[in-house]
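Here are my notes on the two-chain model you sent. Please read them with the structure open beside you.

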Amino acid sequence: MDVLLALVCVALVSWVFRVTFTGLLAGDRLPDAVRVRLDVAGPAAFAALVATDLAGEPAPLLLPMALALLAAGVTARLTRSHVAAVAVAAGAWSTFAIL
Amino acid sequence: MSPITAASRAAPTRSPVSRALRDIAPLAAAVVPFGAVVGVALTDAGLGGVPALAGTALLYAGSAQLATLSTITAGGGLLGAVLAGAVVNARLLLYSASHGERFRTDQPRWFRWIGPLTTVDQTFAVAAAAADLRGTAFRHYWTTLGVVLGAVWLAAVTVGMQLGAVLPGHSPLDVAGPATLVALLVPHLSDRRIRRAVVVAAAAGLLASGLPAGLGIAVAVGASLVAAGPGTTDAPEVA
């Protein structure tokens, strides 16, 4: 029951985050210092999520995970395909984890 | 230019719904393994069936769900789990600020409050690349993105819940979530200012990863916004 309650609570908080500047507040109330930096918010958040996820890996799987993500990046750059990037990363992870 | 951007700009006369279907399809396929990971985590946390899917649909955010579930499973308690999930999802505030104008201008009131429910990394990135869409066209585009990605997400989570008992503790699926984010990130790296922000976010994320309840993510994003400095980029996120 705690699990479902936790998910519902996080969903409610997330909904507030999601509608803060679409329904609750007007965008022009944002401080200028934040507004002029919003264009980098997406890539910065993606990088932060990846970095913290990588840092949380158990030691024996840290290198396979790092190499797999590198392979994903190279694949995404070369093929521009998300599916290919994920598939190559999974293959690389398997290979390096076994080695 | 990312494939998403290229596709969106290549056919401006295409209907918003068909544009959305074409733009979200590759990303929807790529989130399937990550959805399976979340399904496995739900099983590990002791939640299954309709309640698990209802919670997943309500939250609609894989990273935050994983943070919440892993905190619960590790004995972090209800409050700790909620805090962890909320902090991981704090970036949604920035997404809301970044594309808020398209939800407010020429939109019905319900869309301002219900439409953003499907704001996640993938829908945000895809919609940012379709910056020419406004008003009704944007509403149809966004709704299609959210419905398609949500349907695929729930199906993938369901599969993961079935696989939970047979998968080992660590599997190649573990790399699916971060690999999807890397694929979203790569098209933006041609811009020097974004590269600087990304490097700072990654470094700060690694250094601050030991902070409790996912605070490392908030610290990393904050540091990167400061490092980026004011300005504009030629990346598709300028709405």
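1. Helix α5 (residues 82-98) of chain A packs against helix α11 (residues 176-185) of chain B at an angle of about 140°, and their axes are 9 Å apart. Axes here are lines fitted to C-alpha atoms, for helices over the stretch in contact, and angles run from 0 to 180 degrees between N-to-C directions. That angle makes α5(A) oblique to α11(B); angles under 35 degrees count as roughly parallel, over 145 as roughly antiparallel, 65 to 115 as roughly perpendicular and the rest as oblique. Helices are DSSP runs (H or I, at least four residues), as are strands (E, at least two), and both are numbered from the N terminus.

2. This is a predicted model, in which local features need pLDDT of at least 70 and side-chain atom pairs count only at pLDDT 80 or more, while totals for chains, interfaces and linings use all residues. Residues are numbered from 1 along each chain as its sequence is written, and chains are lettered from A and ligands numbered from 1 in the order in which they are written.

3. Which residues make the contact between α5(A) and α11(B)? On α5(A) they are A:H82, A:A85, A:V86, A:A89 and A:A90, and on α11(B) they are B:A176, B:A179, B:T180, B:V182 and B:A183. Two residues are in contact if their C-beta atoms, placed from the backbone, lie within 7 Å. By class, eight of these residues are nonpolar, two are polar and none is charged. Ala, Val, Leu, Ile, Met, Phe, Trp, Tyr, Cys and Pro count as nonpolar, Asp, Glu, Lys and Arg as charged, and the others, Gly among them, as polar.

4. The contact involves A:D2, A:L5, A:A6, A:C9, A:V10 and A:V13 from α1(A), with B:L78, B:A81, B:V82, B:G85 and B:A86 from α6(B). Nine of these residues are nonpolar, one is polar and one is charged.

5. Taken as a whole, the interface joins 87 residues of chain B to 61 residues of chain A. Helix α7 (residues 91-104) of chain B gives the largest share of chain B's side, twelve residues. By class, that side has 57 nonpolar, 23 polar and seven charged residues.

6. Within chain B, the axes of helix α9 (residues 121-129) and helix α10 (residues 135-163) come within 10 Å and cross at roughly 150°. The two helices are therefore roughly antiparallel. B:Q122, B:T123, B:V126 and B:A127 in α9(B) meet B:W142, B:L145, B:G146 and B:L149 in α10(B). This contact has five nonpolar, three polar and no charged residues.

7. Chain A has five helices and zero strands; chain B has 13 helices and zero strands. The radius of gyration is taken over C-alpha atoms, and the globule rule is 2.2 Å times the number of residues to the power 0.38. Chain A has a radius of 19 Å, whereas a compact globule of 99 residues would have one near 13 Å. For chain B, 18 Å agrees with the value near 18 Å for a compact globule of 239 residues.

8. Chain A is divided into domain 1 (1-36) and domain 2 (40-99), with bounds from an automatic or database domain assignment. The centres of the two domains of chain A, taken over C-alpha atoms, are 28 Å apart.
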